[in-house]
Amino acid sequence: FLLASLPGLESTRFWMATLLCFIYLLAVTGNCAVLCIVRLEPGLHAPMYLFLCMLAAIDLALSTCTVPRVLSCYWFNSREISFSACLAQMFFIHTLSAIESTVLLAMAVDRYVAICHPLRHPAILTNAATARIGLLATARGVLFFLPLPLLLQPLPFCSSRVLSHSFCLHQDVMNLACASTTPSVVYGLTAILLVMGLDALLICLSYLLILKAVLGLPSWKERLKVFSTCVAHICVVLAFYVPLIGLSVVHRFGKDVGPVVHITMGHVYILVPAVLNPIIYGVRIKQVQRRIL
C-alpha cells in the first residue's frame, strides 16, 4: 500500500514532520515520567495510579507503532508499506485502542466505588484486582480485534492502493478491496460497538450514579470537593473518545472532504490522548505534581 502524504502540501511536509516529531517526543517524555514517578513513589502504588500507568504504557505503544512510520513517510517520502506490515500495524492500533477504552471504564468504576462505597473500596479494588483487570483488558482487546486482519488477509485488492491516512486502519484498508467486504464490515462494527460503544455507555452510567451520590451530599462545598476527584478522568475520557468519534464520522460521512482532513484527524486520534493524559493528571494530582518538582 501507499501511505497518504499531504497532497498539494509537499513543501510543508518537512515542517509537519518536525512538528509531529516534537509532539511525539513530548508524549514519550510525559508518559515515561508518569511511569517513573508512580514506580519510584511508594505512596502512589494504589489502583488509581496503577491504572494511570496502564494508560501511559498504552499511549507509548500506540504512538510508537505509528508515528515513526509517519515521520519516515514525511521526511524521506518512504510511503510504501507491505501488506503484512500494514495488517500488523492495523491490529496493534485497534487492539491498543480497545485496551485503553477498557482501562478508562475500569477507572470510572474505581471512581464510582471510591465515592459511592468508600468503606468497601480498599477491599474491592486491591492491587491484585487491578493487575487482573489489566490482563483482562489486554485479552479482551486481542480477542475482539485479532479477527480483523484475518478477515482482510484473503481479499483481493484493486489497482488503487493509496490509503487515506499515514498509517493503516481497518476501514481504510477494507475500502480498497475488490471483493465483498460484508463479513469484515459486520464484524468490525460489532467489535467497535461491543468494546468502545459498551465501554462509553457504562462510563456514562457510572457517572450518573456518581452524580446522584454527589447531589445527595448536604452542602455544595462537599459536592464540589468530591466531584473534583473525577475531573481528571472525565478530561481523559473526552481526550480519547472525541478524536475517536471524529475519526469515525470522517470515515463515514467525509468522502467529499479533502484528504488533508482525513490525515489530520488520524494524527489527532493517535497523538492527542498520548500528549494530554500526562498533562491532565500532572495538573490535577498533587502527589504527581510534587514528585515532578
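## Exercises on cysteines, helix contacts and buried residues

C116 is partly exposed, with a relative accessible area of 23%. The exercises below concern this and other residues of a predicted model.

### Exercise 1. The cysteines

State how many disulfides the chain contains and which cysteines form them.

*Solution.* 

Step 1. The criterion is a pair of cysteine sulfur atoms within 2.5 Å. Applied here, it gives one disulfide.

Step 2. The pair is C86 and C168, with 2.0 Å between the two sulfur atoms. The torsion about their S-S bond is about -120 degrees, and the disulfide is therefore left-handed.

Step 3. C86 belongs to helix α4 (residues 83–116), while C168 sits in the loop between α7 (147–152) and α8 (170–174), so the bond ties together parts that are 82 residues apart in sequence. Both C86 and C168 are buried.

Step 4. C204 has 48% relative accessibility and counts as partly exposed.

### Exercise 2. Helices α2 and α4

Determine how the axes of α2 and α4 are oriented to each other, and describe the residues that make the contact.

*Solution.* 

Step 1. The axes of α2 (residues 47–64) and α4 come within 10 Å and cross at roughly 165 degrees.

Step 2. Angles over 145 degrees count as roughly antiparallel; α2 and α4 are therefore roughly antiparallel to each other. The crossing in which α2 passes α4 is left-handed.

Step 3. On the α2 side, the contact is made by P47, M48, F51, M54, L55, I58, D59, A61 and L62. On the α4 side, the contributing residues include I93, L96, I99, V103, L104, M107, D110 and R111.

Step 4. By class, the residues of the contact between α2 and α4 are 15 nonpolar, one polar and four charged.

Step 5. The spacing of such positions can be read against a general rule: an α-helix has 3.6 residues a turn, so residues three or four places apart point the same way.

### Exercise 3. Helices α9 and α10

Carry out the analysis for α9 and α10: what is the crossing angle, and which residues make the contact?

*Solution.* 

Step 1. The axes of α9 and α10 (residues 220–227) come within 9 Å, with a crossing angle of roughly 150 degrees.

Step 2. α9 and α10 are therefore roughly antiparallel to each other. Their crossing is right-handed.

Step 3. I210, L211, V214 and L215 of α9 meet R223, V226 and F227 of α10.

Step 4. The contact of α9 with α10 divides into six nonpolar, no polar and one charged residues.

### Exercise 4. Two residues and their surroundings

*Solution.* 

Step 1. Buried means under 20% relative accessible area.

Step 2. The C-alpha atom of M107 is separated from that of G188 by 25 Å, the two residues being 81 apart along the chain.

Step 3. S184 lies in helix α9 (residues 182–215).

### Exercise 5. Helix α3 and residue V250

How many residues of α3 are buried, and which are they? Where is V250, and how far is its C-alpha from that of H262?

*Solution.* 

Step 1. Helix α3 (residues 67–76) is mostly covered, with seven of its 10 residues buried.

Step 2. These are V67, R69, V70, L71, S72, C73 and Y74.

Step 3. Just after α3, N77 adopts a positive phi of about 55 degrees.

Step 4. V250 is placed in helix α11 (residues 231–253). With 11% relative accessibility, V250 counts as buried.

Step 5. V250 and H262 are 12 residues apart in sequence, and their C-alpha atoms are 6.7 Å apart in space.

Key
Residues are numbered from 1 along each chain as its sequence is written. This is a predicted model: local features need pLDDT of at least 70, side-chain atom pairs count only at pLDDT 80 or more; totals for chains, interfaces and linings use all residues. Side-chain values use heavy atoms; hydrogens and water are left out. Helices (H or I, at least four residues) and strands (E, at least two) are DSSP runs, numbered from the N terminus. Buried means under 20% relative accessible area, exposed over 50%, partly exposed in between (1.4 Å probe, protein chains only). Axes are lines fitted to C-alpha atoms, for helices over the stretch in contact, and angles run from 0 to 180 degrees between N-to-C directions. Angles under 35 degrees count as roughly parallel, over 145 as roughly antiparallel, 65 to 115 as roughly perpendicular and the rest as oblique. A crossing is left-handed if the near helix is turned anticlockwise from the far one by less than a right angle, and right-handed if clockwise. Contact means heavy atoms within 4.5 Å. Ala, Val, Leu, Ile, Met, Phe, Trp, Tyr, Cys and Pro count as nonpolar, Asp, Glu, Lys and Arg as charged, and the others, Gly among them, as polar.
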